[in-house]
Amino acid sequence: MHVHVLSFDVTITDTSPASAVHGPATGAPAEQTWTPRLWGVLAVLCAVLFLDGLDVSMVGVALPSIGSELGLSTTSLQWIVNGYVLGYGGLLLLGGRTADLLGRRQVFLAALAVFAVASLVGGLVNDGTLLIVTRFVKGLAAAFTAPTALSILTTTFHEGPARNRALSVFSVFGASGYSSGLILGGLLTSFGWRWTFLTPVPLAVIALVAGIALIPRDKPSADGGHDLVGAVTLTGGMLLAVYTVVSAPDRGWLDPVTLGSVAVAAILLAGFVITENKVKHPLIRLGILRIGSIVRANLSIVALFGSYLSFQFMMTLYLQDVLHWSPLKMAMALLPAGLLVAFGSPFVGRLIDRYGTPPLIFASMLSMSLGYVWFLATAGDTPHYAFTVLPTMLLLGGGFAFGFSSIMAQATDGIDDSEQGLASGLVQTSGQVGAALVLAVVTALVAGGAQGGGGDFGEFHPGVNLVSGVAVVGLVLNLIPLLRRRHSPKHV
């Protein structure tokens with residue numbers, strides 16, 4: 001959800017020194033005049049990023065109401081989240097490449113139009129399956145708008161002070177959109193969950209019209225190509241893997257359909273690996289995964305996103321379905337984490353410059369782990385908000401704010417300029433797809449607990465146990481390089 005939000009703050013950290021060093025040598029202008037048109041372009045890009053964060057959090061708040069009206073089970077509800085996540089994660093790498101080949105302006109505007117139409121259809125349908133389809137389509141649209149928006153920004157604003165200033169403004173809007181969506185989602189859901197889908201439509205249309213008028217035209221790349229086979233095998237394999245995990249508890253792990261789904265998913269993912277080793281323009285150059293820090297960053301983002309998204313999914317269902325809190329009250333309960341992310345993220349770049357990424361990622365995973373452990377230790381059957389939920393949300397929000405930007409920085413550190421887009425897209429894809437898989441397993445555990453009855457938090461305990469374990473794995477993963485550094489010979 002926020003993957004394509006906070007990474008831009010990292011770009012500021014990376015480009016500032018570079019521009020300071022290389023700017024004069026290359027003759028790049030030290031300053032760029034901020035005309036009204038330039039402000040307008042930035043406003044359009046920020047509006048789309050804000051809208052994306054707003055949409056994700058609003059829909060999350062509305063999940064229990066959607067399930068109640070459309071008769072969707074917990075298993076079906078998670079597809080409203082995962083449909084978007086998988087659509088976004090599966091085609092994110094292809095989205096950036098398509099913008100280079102067909103033109104950034106054209107791809108950005110077309111994807112924004114698709115986003116608006118999918119939002120409108122989602123607010124009007126009365127069928128759960130169609131609603132999930134619209135979420136998947138919106139994820140596909142975001143897979144093209146997110147990397148293209150960043151590309152438009154970096155090519156419109158000159159390297160140096162102008163670009164850094166634009167990026168700093170841009171980075172705040174995604175996080176603030178997510179936080180605003182919690183409150184707005186609570187208010188809108190009180191009138192009906194459909195408003196959480198319909199409200200983004202006029203905003204997207206306004207941004208689309210402004211974009212047509214303001215975004216400069218650009219020429220498509222003269223060379224290159226698409227890796228459509230890679231995109232299809234990756235997205236298809238991940239969708240089938242998530243579906244298998246979700247459906248297996250009801251159908252049985254040894255059921256022929258389950259075994260067949262596992263086999264087909266494995267074949268598709270193996271086909272993706274084979275394709276990436278053979279095509280001229282792969283989505284992912286697999287050789288980049290030989291770098292240890294890159295692998296750790298990609299696994300860390302899975303731990304961060306997978307645990308955080310799944311925990312919020314469970315809390316949304318528990319507070320509204322079990323405790324019967326209003327959507328607004330539930331949104332306000334989760335808001336502290338979003339506020340910490342929104343207000344804390346812009347300062348992380350300075351900490352990265354001072355301390356480096358490994359200590360910050362470790363601190364992030366420690367904070368996340370402590371949050372989940374505290375919740376498990378104090379929740380019981382009826383968690384108290386002030387004693388259990390609030391401290392947990394503060395620990396999770398702080399951990400996310402410190403961790404995400406640091407992980408993104410580590411994922412692109414030391415990578416050649418020509419592969420910065422690949423490294424950034426790879427870690428964002430890992431975060432989205434990894435989160436989908438963790439959420440699928442959590443959903444299966446929660447659904448199994450619900451069958452046992454109880455009517456309290458007991459049915460969610462297995463899911464919280466899992467997200468705690470995922471966070472602890474991320475903690476241990478990032479402790480290892482710190483220990484190696486401490487015990488290495490001083491002369492090395």
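**Entry 1: the salt bridge of Arg135**

I began with Arg135, which forms a salt bridge with Asp55, the closest N and O atoms lying 2.8 Å apart. I noted that the pair links distant parts of the chain, with Arg135 in helix α5 (residues 128-156) and Asp55 in helix α2 (residues 36-70), 80 residues apart. The model I was reading is a predicted one.

I then looked up the accessibility of the two partners. Arg135 has a relative accessible area of 2% and is therefore buried, the limit being under 20%. Asp55 has a relative accessible area of 0%, so Asp55 is buried as well.

**Entry 2: the other salt bridges**

How many salt bridges does a search of the whole structure find? I recorded three.

In one of them the side chains of Asp55 and Lys138 meet, at 2.6 Å from N to O. This pair again links distant parts of the chain, Asp55 being in helix α2 and Lys138 in helix α5, 83 residues apart. I noted both Asp55 and Lys138 as buried.

I also found a salt bridge between the side chains of Glu69 and Arg194, at 3.2 Å from N to O. Here Glu69 lies in helix α2 and Arg194 in helix α7 (residues 194-198), and the partners are 125 residues apart. The relative accessible area of Glu69 is 47%, which makes Glu69 partly exposed.

**Entry 3: cavities**

Rolling a probe the size of a water molecule over the atoms shows where empty space is left. I counted five cavities of 30 Å³ or more.

The largest cavity holds about 180 Å³ of space. Its lining comprises 15 residues, and those nearest the centre are Val56, Gly60, Val81, Leu309 and Gln312. I found that α2, α3 (74-102) and α11 each supply at least two residues of this lining. By class, the lining of the largest cavity has eleven nonpolar, three polar and one charged residues. Domain 1 (35-217) and domain 3 (290-491) each contribute at least three residues to the lining of the largest cavity.

For the second largest cavity I noted a volume of about 50 Å³. The residues that line the second largest cavity are Val48, Leu51, Asp52, Leu112, Phe115, Ala142 and Thr145. The elements giving two or more residues to this lining are α2, α4 (104-124) and α5. Which helix gives the most to the lining of the second largest cavity? I recorded α2, with three residues. This lining divides into five nonpolar, one polar and one charged residues.

**Entry 4: the second largest pocket**

I then examined open space. The second largest pocket contains about 390 Å³. It is lined by 18 residues, of which Leu234, Ile284, Leu426, Thr429 and Ser430 are the closest to its centre.

I traced the lining of the second largest pocket to its helices: α9 (228-251), α10 (256-278), α11 (292-322) and α16 (420-451) each supply at least two residues. The most comes from α16, with six residues. I classed the lining of the second largest pocket as 14 nonpolar, four polar and no charged residues.

**Entry 5: helix α13**

I looked up which residues are buried in helix α13 (residues 348-355), and found Val348, Gly349 and Ile352. Viewed down the axis of α13, its buried residues fall within an arc of 105°, so they line one face of the helix. On the other side of α13 I found Arg350, Asp353 and Arg354 exposed. The helix is followed by Gly356, for which I recorded a positive phi, near 85°.

How values were computed
Residues numbered from 1 in each chain as written. Predicted model: local features only at pLDDT ≥ 70, side-chain atom pairs only at ≥ 80, totals over all residues. Heavy atoms only, no water. 1 Å grid on protein atoms, 1.4 Å probe; cavity = no way out; pocket = protein on both sides within 12 Å on 5 of 7 lines; lining within 4 Å. Points joined across faces, edges and corners; volume = space filled by probe spheres on them. Helix = DSSP H or I, 4+ residues; strand = E, 2+ residues; numbered from the N terminus. Nonpolar A, V, L, I, M, F, W, Y, C, P; charged D, E, K, R; others polar. Salt bridge = Lys/Arg side-chain N within 4 Å of Asp/Glu carboxyl O. Buried < 20%, exposed > 50% of the residue type's maximum accessible area, 1.4 Å probe, protein only. Arc of directions from axis to C-beta. Domains from an automatic or database assignment.
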